[in-house]
Amino acid sequence: MRRRLSKAHRRTLVVGMSAAVLVAAVANVHGPTAAVANVHGPTAAVANVHGPAAAVANVHGPAAAVANVQQSVAAQSGGLSAYDKLVLSHQPAAFWRLSHPSAGTETDRTGNGYQGTFHDVTSSVQLPNRDGASVFNGSSGYFEVPNANKFHISTTGKFTVEAWIRPHTLQFPNEEQTGYVYFVGKGTKSGSGGDQEWAGRMYSKVTDDNRPNRISGYAWNLDGGYGAGAGIQETVKVNEWMHIAFTFDTAEGEYGKVRIYRNGVLKSSSNLVFRPGQPDEVIVKPKPGSAPVRVGTRSKASWFKGAVGKFAIYNRALTNKELATHYAAMTAANTPDFNGDGVGDIFSAKTGSLNLWTGKGANDFWGRTHVGDGWDGFTRPIAGDFNDDGRTDLITVEKSTGLLHVWNGEGGNEFGTAEKLGAGWTPYADTLTSVGDIDQDGHNDIAAISDGTLYVWNGKGGNQFAGRTTIGTGWNNYSRPIGGDFNGDAIGDLVAVQKATGYLYVWNGEGGNEFGTAQRLGPGWTPYADTLMSLGDVNRDGHTDIAAVANDTLHLWNGRGGNQFAGRTALSPGWTPYF
């Protein structure tokens, strides 16, 4: 049966054509009116971490350079990105980047020699870190790898499948059964002589069993029929990247377990049994079959329409923490990114209105978008993904009450209504900063300085934060620190300017709320100290960039990884009212 969908509500965002013009457009977005959430205030716990004592690194100061944007190193066919290296460090049985389908074949990057072939797949798009990913046409395109012993759940009894997927439609044109497709899978036939093993499934928006865009990981007995799986029933958007992973442990509990994760967060788990205790009970005992591994389809009965990249198989069940680091490694360089295009954006509320300048890539920005008024009652907002939905949110402190508020991003430069997170934040309001994931649990953390002491509140997802952790003293000698991944290890770092000398320093995160000793990066940063900001990746090279406003001009330093920055690029005047 062919399904028809009603035409979706469309929101139009009008923007200018140049950051130099700074022309205002208007978006339909909530101002900072408040709803309430139950979140910890800044009560204290203590960690043993280095203060900002200095070591020296050889890095450029803020001298001017001419903009000369290079092709992304990460996207080149021969190189491995920071994400690739992290995945390989977790010892997958096989790992295909799926970055260059036009080559016709790809051998996995583990050294195990598993070569796959692309069929009717020739185009690619970019992942959030600017690596390539293959586009599957939803009718005939797939990637196939011949059967191998390491591709069976039963080889070790523990198994993980992970991939980045981006649906290009929410109603798949070539679906099967109740209205779903397979984006990865192993199994071509059921019944006697069957070879069904495992698969990743995504449902259409409208289905016969009311599972709109559900995403599931399944396992079967070889003869197919009813399988056992874990699913995610959450909102999915067209052209939005998701990190999906599902794990199996056949020895856990009475039946074994299957778990599914989205963006590094566990979403659900289930036993490896269908309807236990019922007359139609099916206990799933995975066994090795002869089917190939496929991406874009399982048995050619349905076809995924969208992009898939970074497909990996493991002969063990990855932990939540490991999967969270994969998500962080892919997305760390792209906050703030309010429209979800993988390019860093600029934001400001200094005028009492929230304004955004969305990045175009290549160190250029669209004109100013006016998002909403009423922000003069709040301190300077900070950006991060605080509810773990893959979109950039804003946090700030209400001046009159000391209440911490969050506005969750909805994509397309839009935000939901504010939520109150907790009281008592006035001492931290002026130095509040977003620091990425410094404890390596997959959630964005925030930090602030009070009386010279640096404190961190570790995110828990869902707009929740743990109590305050003391990081170290002596920070009154530095400007407000900014966060980012400046050395490319997917752990949040801090950068600040020493007030007495004008030197720029970096403290690299080591996980567990630990930081290494400060490294001195270069002199001459005093004019930029008060407005220093972390922009994410604005030139599409996979590294975090920083910027500041001085003498009415926006200046940019492109990150190079390894705590290195290119020389200063002056972009345009007219920025003083906003910073």
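How many of the twelve residues of H2 are buried?

Tutor: The model is a predicted one, in which local features need pLDDT of at least 70 and side-chain atom pairs count only at pLDDT 80 or more, while totals for chains, interfaces and linings use all residues. Residues are numbered from 1 along each chain as its sequence is written, and side-chain values use heavy atoms, with hydrogens and water left out.

Ten of the twelve residues of H2 are buried, so this helix is largely enclosed by the rest of the structure. Buried here means under 20% relative accessible area, exposed means over 50%, and partly exposed lies in between (1.4 Å probe, protein chains only). Helices (H or I, at least four residues) and strands (E, at least two) are DSSP runs numbered from the N terminus. The buried residues of H2 are Glu 322, Leu 323, Ala 324, Thr 325, His 326, Tyr 327, Ala 328, Ala 329, Met 330 and Thr 331. Their cover includes helix H1 (82-89) and the strands E11 (158-167), E16 (242-249), E17 (257-262) and E22 (305-314); contact is taken as heavy atoms within 4.5 Å. H2 covers residues 320-331, and its end C-alpha atoms are 17 Å apart, which agrees with the 16 Å that twelve residues should span at 1.5 Å a residue. That expected span is 1.5 Å times one less than the number of residues.

The setting of this helix is a chain with two helices and 49 strands. Of its 579 residues, 59% count as buried. Among contacts between residues at least 6 apart in sequence, 57% join residues at least 24 apart. The accessible surface, from the Shrake-Rupley method with a 1.4 Å probe, comes to about 21,800 Å², of which 47% belongs to carbon and sulfur atoms.

In soluble globular proteins, nonpolar side chains tend to be buried together. A nonpolar core is a set of buried Ala, Val, Leu, Ile, Met, Phe, Trp, Tyr and Cys residues joined through side-chain atoms within 4.5 Å. The largest such core holds 43 residues, and Trp 96, Phe 151, Ile 165, Trp 198, Ile 215, Phe 248 and Phe 311 touch the most other members. Phe 248, leaving aside residues up to four places away in sequence, touches a set that includes Ile 153, Phe 159, Trp 198, Tyr 218, Val 258, Leu 272 and Ala 317. A second, separate core of 20 residues includes Phe 95, Val 125, Ala 133 and Ala 307.

Burial can also be followed in a strand. All six residues of E35 (residues 445-450) are buried. Asp 445, Ala 447 and Ile 449 lie on one side, with Ile 446, Ala 448 and Ser 450 on the other, and both faces are covered. Two strands pair if DSSP finds at least two bridges between them. E35 runs antiparallel to E34 (residues 433-436), to which three bridges join it, and antiparallel to E36 (residues 453-461), to which five bridges join it. Ala 447 is the bridge partner of Thr 433, and in E36 the partner of Ala 447 is Val 456. E35 and E36 form a hairpin with two residues between them, and Asp 451 in the turn has a positive phi of about 55 degrees.

Three bridges join E44 to E45 (residues 545-550), and Ala 547 in E45 is the bridge partner of Met 533.

Met 533 and Leu 535 are among the residues touched by Ile 346, as are Trp 357, Phe 365 and Trp 575. Ile 346 lies in strand E23 (residues 346-348) and is buried, with a relative accessible area of 0%. Phe 365 is 19 residues from Ile 346 in sequence and 8.4 Å away, C-alpha to C-alpha.

Most residues other than glycine have a negative phi. Asn 551, in the loop between E45 and E46 (553-557), has a positive phi near 55 degrees and is exposed at 77% relative accessible area. Asp 552, found in the loop between E45 and E46, has a positive phi of about 75 degrees and counts as partly exposed at 28%.
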